[in-house]
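Colleague: Could you take one close look at the buried interior of this protein, starting from a loop outside it and working inwards? Please keep to plain terms, as I am new to reading structures.

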Amino acid sequence: MQNKFLFLLVVILTLSSCNELLVYSDYKPVKEAKWEMGQNVDFQFSELDSTQTYNMFINIRNDDNFAFSNLFLITELEYPSGNTVKDTLEYRMAEPNGEWLGKGMGSIKENKLWFKENIDFPDSGVYKVNISHAMRKNGDVEGLHVLEGITDVGLEIEKAPKL
């Protein structure tokens with residue numbers, strides 16, 4: 001009897017935690033949690049409703065080897081037509097006291113970071129998103145050749161809630 005109750009509880013929690021707005025989610029691991037300069041993390045998606053608006057998020061998983069309180073990323077969103085929108089983004093990853101932002105227990109934290117808000121995808125075909133890091137140490141002109149502590153990079157697309 002107790003096993004049936006536990007099973008039912010797990011099923012209810014699993015179903016209630018589903019995000020009905022989520023239409024795309026993918027993660028790419030960073031080999032040995034060492035993200036090399038110029039190494040793009042690439043995503044592709046297609047067949048999104050052209051009448052719907054969406055919110056896009058970059059998901060970053062980091063461990064305790066990430067030595068910075070912020071993260072600079074360069075993103076490229078390429079439309080099927082070939083037009084590309086390139087952005088340089090900065091995200092806060094830790095509080096001033098060093099406490100990690102994000103969710104997770106243990107040494108891995110996951111941050112869901114805003115990328116694009118209320119965006120539409122009017123063209124049919126394949127869209128591409130490329131993400132690379134643009135980190136450097138304070139005072140250095142040259143960027144970091146290897147950024148340690150990023151374990152995974154993800155992309156999520158959700159339907160924007162209708163107001």
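Modeller: Start with glutamate 32, which is found in the loop between strand 1 and strand 2 (34-36). The model is a predicted one. Glutamate 32 is exposed, with a relative accessible area of 62%. Its phi is positive, about 55°, although the residue is not a glycine. Most residues other than glycine have a negative phi. Glutamate 47 repeats the pattern: its phi is near 60°, again a positive value in a residue other than glycine. Glutamate 47 has its place in the loop between strand 3 and strand 4. At a relative accessible area of 77%, glutamate 47 counts as exposed, because exposed means over 50%.

Glycine 98 lies in the loop between strand 6 and strand 7. Glycine 98 is partly exposed, with a relative accessible area of 45%. In sequence it is 29 residues from serine 69, yet the two C-alpha atoms are 7.2 Å apart in space.

Now go inside. The largest nonpolar core has 36 residues. Those with the most contacts inside this core are Trp35, Phe45, Met56, Ile60, Val129, Leu147 and Val153. Several strands each supply at least two residues of the core: strand 3 (41-46), strand 4 (53-62), strand 5 (70-78), strand 6 (84-92), strand 7 (109-120), strand 8 (126-133) and strand 10 (150-159). In soluble globular proteins, nonpolar side chains tend to be buried together.

Valine 129 shows what such a position touches. Leaving aside residues up to four places away in sequence, valine 129 touches Val41, Asp42, Phe43, Phe45, Met56, Glu76, Leu77, Phe115 and Leu155. Among these contacts are Phe45 and Met56, which are also listed with valine 129 for having the most contacts inside the core.

Strand 4 and strand 7 run antiparallel and are joined by nine bridges. Both belong to an open sheet of four strands, in the order 1-10-4-7, with antiparallel pairing. Its edge strands are strand 1 (22-29) and strand 7, each of which pairs on one side only. On average, neighbouring strands of this sheet are turned by 15° against each other, direction ignored.

The aromatic residues come next. A search of the whole structure finds nine aromatic pairs. One of them joins tyrosine 79 and tyrosine 127: the ring centres are 5.4 Å apart and the planes stand at 70°, so the pair is edge-to-face. Tyrosine 79 lies in the loop between strand 5 and strand 6 and tyrosine 127 in strand 8, so this pair ties together parts that are 48 residues apart in sequence. Both tyrosine 79 and tyrosine 127 are buried. Tyrosine 127 also forms an edge-to-face pair with phenylalanine 121, at 4.9 Å centre to centre and 75° between the planes. Phenylalanine 121 is buried too. These three residues belong to one aromatic cluster that also includes Tyr24, Phe45 and Tyr54.

The charged end of lysine 28 sits over the ring of phenylalanine 43, 4.9 Å from its centre. Lysine 112 lies over the face of phenylalanine 57, at 4.5 Å from the ring centre.

Last, two buried asparagines. Asparagine 130 is in strand 8. With 14% relative accessibility it counts as buried, because buried means under 20%. Beyond residues up to four places away in sequence, asparagine 130 touches Asn40, Val41, Asp42, Ile74, Thr75 and Glu76. Asparagine 111 lies in strand 7 and is buried, with a relative accessible area of 5%.

Definitions and conventions
Residues are numbered from 1 along each chain as its sequence is written. This is a predicted model: local features need pLDDT of at least 70, side-chain atom pairs count only at pLDDT 80 or more; totals for chains, interfaces and linings use all residues. Side-chain values use heavy atoms; hydrogens and water are left out. A nonpolar core is a set of buried Ala, Val, Leu, Ile, Met, Phe, Trp, Tyr and Cys residues joined through side-chain atoms within 4.5 Å. Buried means under 20% relative accessible area, exposed over 50%, partly exposed in between (1.4 Å probe, protein chains only). Contact means heavy atoms within 4.5 Å. Two strands pair if DSSP finds at least two bridges between them. Axes are lines fitted to C-alpha atoms, for helices over the stretch in contact, and angles run from 0 to 180 degrees between N-to-C directions. Rings of Phe, Tyr and Trp (its six-membered ring) pair if their centres lie within 6.5 Å; planes under 30 degrees apart count as stacked, over 60 as edge-to-face and the rest as tilted. A charge sits over a ring if NZ of Lys or CZ of Arg is within 6 Å of the ring centre and within 35 degrees of the ring normal.
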